[in-house]
Amino acid sequence: MKSRYLIMLFIGALMSAPLILPTFQVTLLNYIGLYALVVLGLVLLTGVGGMTSFGQAAFVGLGAYTSAYLTTSAQLPAWLAWAGTSPWLTLVIGIVFTGLVALILGALTLKLSGHYLPLGTIAWGISLYYLFGNLEGLGGQSGITDLPPITLLGLSLDKGEKVFYLIWAILLVAMLITHNLLNSREGRAIRALKGGQVMAESMGVDTFRAKLVIFLISAVFAAISGWLYAHTQRFVNPTPFGLNMGIDYLFMALIGGVGSVWGALLGAGVLTLLKQWLQDWLPALVGSEGNYETIVFGLLIVLLMQRVPGGLWPLLTKRLPLSSKPSRALLKAEVEVPPLSRRTPPKKGDLILEARQVTRSFGGLVANQNMNLTLRAGEILALIGPNGAGKSTLFNQLSGVDIPTSGDVVFMGERINGVPSRQVARMGMSRTFQHVKLLPGMSALENVAIGAHLRGHSGILASSLHTERTEESRLLAEAHRQLERVGLGDYLYEEAGSLALGQQRILEIARALCADPVLLLLDEPAAGLRLKEKQALAELLRKLRNEGMAILLVEHDMDFVMGLVDRITVMEFGQKIAEGLPEAIQSNPAVLQAYLGGAE
Ligand code: ADP
Ligand code: MG
């Protein structure tokens, strides 16, 4: 069955729910909708972006309190009086205000790494909670009462059964927007965050901006949920915006399945119902002293996480009678569209890359010392040397990942010392990694399309509204073409993680080619490849060279290097010890000494 029909069935059931269910169950569904909206933000932030936040409840509070304060304070200062006249106005103000707070908090905390980010979110989660309780004018612990209901088209949504439709309509729109966003150029950039900063930046992704954007979106979803909550309840107090609730939201995201839009809804639903049932039934069974429901709830969560670490949604989709055909979004790769425009390629023999006296020291250790190197269009240069010789270090200096202590790197006639790697990528340098950096759960096609990031322009808004259809098909068609070019045309829709290591390496080359580079940097491209795969790879690299590509590769496999490359540079202890044609290098005494300790 197509997933579209299932969704239509679901929406139909939703529409009729308030007509047939008793009021308290409608109220429960309202809560599920409100929670799911917040959890949806966490799907983006935690599931897709890899950032853990305990502070979402505080953003819900910002949305709720902004609206509560403005719509109830009779004595608003004159310049603000207009704001309190309609909840719709206070919604806009709440979104803008929360967005600003999120921008500031994001700018301060998103650069933190490891455990510091979650700790940071706990810190502001707690601070805002106390602010709600202590700020004069917000009513202290007892909060603000008598909020007006939301009115829509002249209809007052003063009952749970009525506001139900608004809550769920907003949630479904937010889910659609999130879904669109994730299946777009910007979405791939966001998903690339999980492949690590170095990988994403080398594909041209501004990782800090990507993080800030999803942080902002998740905060806005939370603020809207807070606004809805405030005007559904018609009163607010600080309790639902504290750290406890922040933790609950995170649990919902984890239990639902943190990587998927529907997981947000499932997680919110399962946890809300579970909590409700425990509160209803446990006291009847074991008595009401001791708050057993909290303990049992905690145990159940631990059990769930242990049993289904990926969340419930992936488990469910395996059982649903859904067709396994690639999604419509991805089938755009097979549409006939004009190809993306290409940069003017350099002429064969043009100087592409030059290292001048590049030195890099780490404290006392000199990893690269006065390294010189030139590379021209239509040439393959191999960088070889024993482990620890400084090859990867040089690689990093050349690609903008690291900055030389002294000396210059010149690419396409420009000095690029200190230029961020995403800028270098824009200039036409593209790379693969010694340890493959792919997104294993994402299709081969989408992985490769990340490489074309800089060749598209549509932003967050166009992606969310899905108005970038033509550009999106051109990007996917380009990824398709590159996969065909490297011989992986049969694996477009396979998950990248299910491919053999050799194929994953080739996939990285396709991703690099997607950027339309003039220079390819390959870090040990033949490692882990079988003989046949190596031959195919060599064939591909020869073809690229003939087309005028400049290729620099770090490699251990001498058989592979000797038959393929034009020149070899040999490093030892951070210095160049030899350079020349493969045949000359093979018999160079200094090289033999370095590699074999003079045994030959
Ligand atoms: P290769 O890639 O040729 O095996 P590397 O460039 O990785 O060698 O390393 C060269 C030397 O520099 C090694 O001694 C390594 O320990 C050192 N080194 C590399 N990166 C760092 C770093 N970030 N900090 C300190 N030492 C480093
Ligand atoms: Mg290395």
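Predicted model: local features only at pLDDT ≥ 70, side-chain atom pairs only at ≥ 80, totals over all residues.
The expected span of a helix is 1.5 Å times one less than its number of residues.

**Helix α5**

Helix α5 covers residues 116–134, and its 19 residues should therefore span 27 Å at 1.5 Å a residue; the C-alpha atoms at its ends are 27 Å apart, which agrees. Several residues of α5 are buried, namely L117, P118, G120, T121, W124, G125, L128, F132 and G133. Which elements cover these buried residues of α5? The cover includes α3 (56–72), α4 (87–109) and α9 (207–233).

**The chain as a whole**

The chain contains 24 helices and 12 strands. Its C-alpha trace spans about 85 × 55 × 50 Å along the principal axes. Of the 600 residues in the chain, 53% are buried. Among contacts with a separation of 6 or more, 74% are made by residues 24 or more positions apart.

**The surroundings of ligand 1**

The residues surrounding ligand 1 are F362, L365, A367, P386, N387, G388, A389, G390, K391, S392 and T393. By class, this shell has five nonpolar, five polar and one charged residues.

| Residue | Backbone atom | Distance to an oxygen atom of ligand 1 |
|---|---|---|
| G388 | polar backbone atom | 2.7 Å |
| A389 | backbone N or O atom | 3.2 Å |
| G390 | backbone N or O atom | 2.9 Å |

On its own, ligand 1 has 560 Å² of accessible area, and the protein covers 56% of it. The elements that give two or more residues to the shell are β4 (365–376) and α15 (391–399). Of the elements, α15 gives the most to this shell, with three residues.

How accessible is M571, a residue of strand β11 (residues 567–572)? The cut-off for a buried residue is under 20% relative accessible area. M571 has 0% relative accessibility and therefore counts as buried. Leaving aside neighbours within four places in sequence, M571 is in contact with N368, M371, L383, I384, G385, P386, A389, G390, K391, L394, K576 and I577. Of these partners, P386, A389, G390 and K391 also belong to the surroundings of ligand 1. M571 and M371 are 200 residues apart in sequence, yet their C-alpha atoms are 9.1 Å apart in space.

T272 is found in helix α11 (residues 261–286). Its relative accessibility is 9%, so T272 counts as buried. With neighbours within four places in sequence left aside, the residues in contact with T272 are L28, Y31, I32, Y35 and M252.

D350 lies in the loop between α14 (328–331) and β3 (351–362). Is D350 buried or partly exposed? At 29% relative accessibility, D350 counts as partly exposed, because that class lies between the cut-offs of 20% and 50%. Not counting residues up to four places away in sequence, D350 touches L375, R376 and A377. D350 and F208 are 142 residues apart in sequence, and their C-alpha atoms are 35 Å apart in space.

Conventions: Residues numbered from 1 in each chain as written. Chains lettered and ligands numbered in written order. Heavy atoms only, no water. Near = heavy atom within 4 Å. Polar contact = N/O pair within 3.5 Å; in protein donor to acceptor, adjacent residues only side chain to side chain. Areas by Shrake-Rupley, 256 points an atom, 1.4 Å probe, with all protein chains shown as cover. Helix = DSSP H or I, 4+ residues; strand = E, 2+ residues; numbered from the N terminus. Nonpolar A, V, L, I, M, F, W, Y, C, P; charged D, E, K, R; others polar. Buried < 20%, exposed > 50% of the residue type's maximum accessible area, 1.4 Å probe, protein only. Contact = heavy atoms within 4.5 Å.
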